[in-house]
Amino acid sequence: MNQDAFKRAMMESVVDRSLRDIRRDPRRGIRRLADLGDVAASGPYQKKFLAMARRMLEQEDSPYYTMVCNAVRSADSERLKTFGINFGWNCLTVGTNKIRAREQTQTWSIPWSLTLHIGGEPEDLDAHVLIRLIREGMELGIYTYFLFPDGMSRSISTALDAITASEDCAFFLFLPPEQTDAGAIQALTAPRNLMLGISSEIPQWQSLATQLRQEGALYFLYRTYDGPDEALDIASGKWADQLSPLAGIGSICVAGQDCPAQCGTQVYQYARRSRMEQRYPTLVVDYYLDNLYTDAYISHAACLSGVYPNGELTRFQDGREYPTGLSVRSAHLDEVLAQIPSRPMTPPQESDCF
């Protein structure tokens with residue numbers, strides 16, 4: 001057994017014991033898990049994150065206790081363990097170490113995650129190409145993938161094939177609002193390395209969230225916003241208040257392709273304040289800017305990249321994803337990323353970024 005495999009086995013043992021402790025005594029179990037994580041953390045990003053988590057848990061009435069307890073009580077233990085270790089260990093420890101080591105010897109940046117837009121048309125990237133792309137990403141240190149399939153059933157099948165073939169990665173899948181087929185959703189609850197996103201903009205979001213809880217699935221809620229009115233609606237707190245009874249660990253706001261950059265900044269600032277002030281039993285997140293600022297702590301130059309259904313690489317800039325004219329369809333991922341110039345970026349202060 002190599003060193004990483006041994007450390008993962010030890011981590012699985014710790015998580016198993018911690019989940020049992022949380023079920024018996026939630027507050028003590030959660031604090032003990034945070035303490036153990038702080039001791040085991042090997043990188044500056046993990047240590048900063050866990051230090052902030054510990055400070056927040058000093059608040060006796062913190063809604064984050066409710067958030068964690070809801071997850072532990074409703075989600076299947078094996079799913080929690082697998083997803084948590086894939087994200088917390090493979091991504092934030094093994095992956096970030098790979099990224100930092102490679103970036104010390106090269107002039108281009110490696111994103112900590114990839115946004116994959118998955119299409120259902122015959123000419124769109126199929127599962128074989130996506131699996132190859134994910135494997136190339138893992139070689140670079142990318143273990144977290146955000147999947148945005150379109151409304152066609154073929155795109156859901158393609159996403160599921162990629163997820164099941166990449167068991168060491170953590171996947172967040174944003175289920176299209178028009179995709180409410182019970183059979184398709186049932187199939188998506190099977191992988192242990194997947195957290196499934198339900199749009200709160202569909203009438204049946206509450207019944208779907210309840211269904212996922214009953215099935216022990218990991219899930220989050222999300223919504224899109226395209227302009228000032230929707231950004232203001234989010235920043236008012238109405239949306240998060242509405243979600244609270246059924247919110248998963250994350251409540252994610254996704255800016256539309258033509259959304260003005262200042263709207264994204266407004267939503268991000270609200271999301272950041274809500275987390276620091278611990279307003280809700282869920283982590284309110286702005287998809288693009290929180291993703292970008294996470295990368296700023298991992299890489300020497302922050303970047304956020306994605307892939308369109310046709311294979312074209314995107315780069316986030318000025319509030320939106322832009323096509324780069326570069327394709328991963330026939331080229332290796334590192335060869336494509338190497339053609340994107342790095343842009344140094346100063347991350348927010350520690351007190352601002354949780």
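Modeller: Start with Asp-233 and Arg-223, whose side chains meet in a salt bridge at 2.9 Å, N to O. A salt bridge here is a side-chain nitrogen of Lys or Arg within 4 Å of a carboxyl oxygen of Asp or Glu. Asp-233 sits in helix H10 (residues 228–235) and Arg-223 in strand S5 (residues 219–225), so the pair ties together parts that are 10 residues apart in sequence. Helices (H or I, at least four residues) and strands (E, at least two) are DSSP runs, numbered from the N terminus.

A word on the source. This is a predicted model, in which local features need pLDDT of at least 70 and side-chain atom pairs count only at pLDDT 80 or more, while totals for chains, interfaces and linings use all residues. Residues are numbered from 1 along each chain as its sequence is written, and side-chain values use heavy atoms, with hydrogens and water left out.

Now the surroundings of that pair. Arg-223 counts as buried, at 8% relative accessibility. Asp-233 counts as partly exposed, at 29%. Buried means under 20% relative accessible area, exposed means over 50%, and partly exposed lies in between (1.4 Å probe, protein chains only).

Next come Arg-275 and Asp-290, with a salt bridge at 2.8 Å, N to O. This pair links distant parts of the chain: Arg-275 is in helix H12 and Asp-290 in helix H13 (residues 287–298), 15 residues apart. Arg-275 is buried, at 3% relative accessibility. Asp-290 is buried too, with a relative accessible area of 9%.

Then look at Arg-279 and Glu-277. Their side chains meet in a salt bridge at 2.7 Å, N to O. Arg-279 is partly exposed, at 35% relative accessibility. Glu-277 is also partly exposed, with a relative accessible area of 46%. Elsewhere, salt bridges that share partners join Glu-78, Lys-81 and Arg-192 into one network. The count comes to 8 salt bridges by this rule. In general, side chains of opposite charge can pair when their charged atoms come close.

Gln-278 lies in the loop between helix H12 (261–276) and strand S7 (283–286). Its phi is near 50°, a positive value in a residue other than glycine. Most residues other than glycine have a negative phi. Gln-278 is buried, with a relative accessible area of 8%.
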